[in-house]
Amino acid sequence: MKISQKFRKYFLRFTISIFMGLICLIPSLLFSADITLIASLSGDKQTGKFNQPVSLFFDESKKRLYIADTGNNRLISFDSEFNYISEFDVGGKLKYPMSLVRNSREQFFVIGGPAKHEIFFIDIPQRDFRRLEIRDSPAGENPVVPGKLAIDKNDNLYITDRGNGRILVLNSKGRFLREIKVENRFADFSDMRVDMDGNVYSLSTLEGKVYIFNNKGELTLSFGKKGEGLQEFEFPVSIAVDKNGLIYVLDQHKGSILVFKKDGIFQSSFLKNGWNPGELNKPSYLYTDMENKIYIVDRGNNRIQVFQAGK
Amino acid sequence: MRYLIILSITITALLTTDFSENKLVTASPLKSCLDCHPTLKDKISEEKAHSPVKDGNCLSCHNPHTSNYKGLLTGTEDTLCYSCHKTGKDNSFSQAVIHDPVKNGKCLLCHNPHSSTNDMLLTKKGSEVCFTCHQRDSIISKKESHPLVKKGDCIACHAPHSASNDGLLKKKSADLCSDCHKVKEGQFVAAHVGYPVGESDCSSCHNPHSSDSRNLLKASIHRPVAEKGCTACHDAASSKEPLTLKNKGVKLCYDCHTDTIKDFEKINSHITGNRENFCLNCHNPHASDNKSLLDKKEERVCLGCHMDTKRRISAKTTLFKHPKLEDCSSCHSAHGSDNITFLKAKESESCGIGKCHEQQQVFSHPVGPEIIDPRNKKEMNCITCHNPMGSGYKYNLRLDPDKELCEQCHKL
């Protein structure tokens, strides 16, 4: 009789703890279960093997994927089914492309060049290829060192300035509009993205922090810290925001993506370190499109992996 | 009904039990303890015994019957000590910079919990207790030593528990030094070429402990400093603000170190982290005891930012480590690199640098452009199977060689 009661008590406790555990896991289970690897691009006979791709850009209007195949000094384009379209290197003039965007007039801005940190303007139909000079921007303590590019719906160009820990915003004609920075002089803006409302989502790798600015460049929210916890960053390198306002942060050393709601509340994390398809090895760049596809430059595995998240 | 009977028996038993004997044990358990622990007798009679010991209150820390903790302690070391010593004198446990043993609750590294012949129940006398962890040779082995260091008076400058300044200094470096050194007197000013450095961080040029150079100068001196050519970077000593820099940010360094610019023009570049002058992330512009004027030892400079790497390589599970782990620049290029993870050479050539693994290059699992890893279609190289930094498996293998390592590619 006593044994049976004792057993019943422990069984009840066990069931309750399993149930509570499952409730806690539901959000992440739901999310991670809804991620499917749909493409893995590492080059083939037609394109040749990729060589250290560093970043990419998906053109929503043309539904084209552009990959900066940095080590091969070229940009490669694919259609939305990931069929190869073409590649270009501006007649051998394009060196080490490391970040790129394309505006509504189908003109490219690319960071690269022999010195790796110059911005180039490329208009293929007009055969226009030139270095973009940033004029009128407030002088920083150091020379401007462009790191990453982003573009908004008005074709304003956003440039992370690694030399001065800030983001520079230029209008569609290349004129300086504003600079975005924070008090902490050690904040490094390693990546950024702009949403449809002009809000800027940026990432400081050194601090392990996400900074969000409104379309006037005012800081509206910052969150995140470095650590070992599930919600903490080890070495965050890239950031993206999807059409629902979910914020994705790619952690290079964790080999995973951490997802936060727009108020900075942690939602889930998915993917892991490894070499097999669907796993990541020192990933360097993250991009999300309007169809909830997640593009990851899986640099250590020398490939681009594309995942479909639940629509 | 059965429960009611048990309950009433229990209450009656409690009400009728005489606890006087137990009370006696709690109040003075010393005699019973000393019956079996006679060696404690001498310690207890020492003048500098811990107050619970003096009072014979062994049970304030020990459980006489059973315990989950070593020494039959009633709790972990930190919870026990901090239960009485909550904040330390003048909040000395909770300043911005906390001594690691204090942070980790390892009070017994320095203090004896029973008694000691030394003040503050220290396990050793004066600086000897510090030298238990901080290697004496690295602090006072040089030709010239600071008089306070010679005397072993570490706490003249350092707070042993916590402080608001780096290095657990009791005051800011300049304030601390100027307590003894008359920084406004002519001789001092003349020795510093007329610059008012009395309010600056003296440890920028001097080693406050010991040095092989006169005046405790650090081992490597930036050439302009050694030549007393301060005007290479600063305004003239006679100007209104003589410590003002001549150029902004990194341009000041690039003016002379023109070749270094190229080092940063790489796919992976360490241009980051300090918008005032990113060179100062790692280097000391005046003097250093480390190579390349690094501000700290190389490993500490790198791991200061790469904290998760530090955590990973110092984890208990990382049983096997690369022997040159402390010398990051033996494999990585600190300023920038076109190779992944700032490697000096391509992944496939990295382990061959310095002829470290010549033999393995000849006898090994086939590697090279023709040998393709089926998992990611990349060419196989040493790093495919080995984690150069370290791992839990022999030879720094990434996975267990007796289980999943080979099966990754060679499916059974």
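The model is predicted: local features need pLDDT of at least 70, side-chain atom pairs count only at pLDDT 80 or more, and totals for chains, interfaces and linings use all residues. Residues are numbered from 1 along each chain as its sequence is written, while chains are lettered from A and ligands numbered from 1 in the order in which they are written.

**Confidence**
- Where pLDDT is low, the predicted coordinates should not be read in detail.

**Domains**
- Chain A consists of domain 1 (1-33) and domain 2 (38-308), with bounds from an automatic or database domain assignment.
- Taken over C-alpha atoms, the centres of domain 1 and domain 2 of chain A are 43 Å apart.

**A sheet in chain A**
- An open sheet of four strands in chain A has the order β18-β19-β20-β21, with antiparallel pairing. Helices (H or I, at least four residues) and strands (E, at least two) are DSSP runs, numbered from the N terminus, and two strands pair if DSSP finds at least two bridges between them.
- At the edges are β18 (236-241) and β21 (266-270) of chain A, each of which pairs on one side only.
- From one strand to the next, the twist averages 20°; axes are lines fitted to C-alpha atoms, for helices over the stretch in contact, and angles run from 0 to 180 degrees between N-to-C directions.
- β18(A) and β19 (residues 247-251) of chain A run antiparallel and are joined by five bridges.
- A:A240 has A:Y248 in β19(A) as its bridge partner.

**Contact between chains**
- Chain A gives 34 residues to the contact and chain B gives 26 residues.
- On the side of chain A that touches chain B, nine residues are nonpolar, 14 polar and eleven charged. Ala, Val, Leu, Ile, Met, Phe, Trp, Tyr, Cys and Pro count as nonpolar, Asp, Glu, Lys and Arg as charged, and the others, Gly among them, as polar.

**Positive phi in residues other than glycine**
- A:Y96 has a phi near 45° and sits in the loop between β5 (84-88) and β6 (99-102) of chain A.
- A:Y96 counts as buried because it has 24 C-beta neighbours inside 10 Å; a residue is buried if 20 or more other C-beta atoms lie within 10 Å of its own, exposed if 12 or fewer, and partly exposed in between, with C-beta atoms placed from the backbone.
- B:L293 has a phi near 55° and lies in the loop between β7 (287-288) and α16 (298-305) of chain B.
- With 19 other C-beta atoms within 10 Å, B:L293 is partly exposed.

Note on methods. Two residues are in contact if their C-beta atoms, placed from the backbone, lie within 7 Å.
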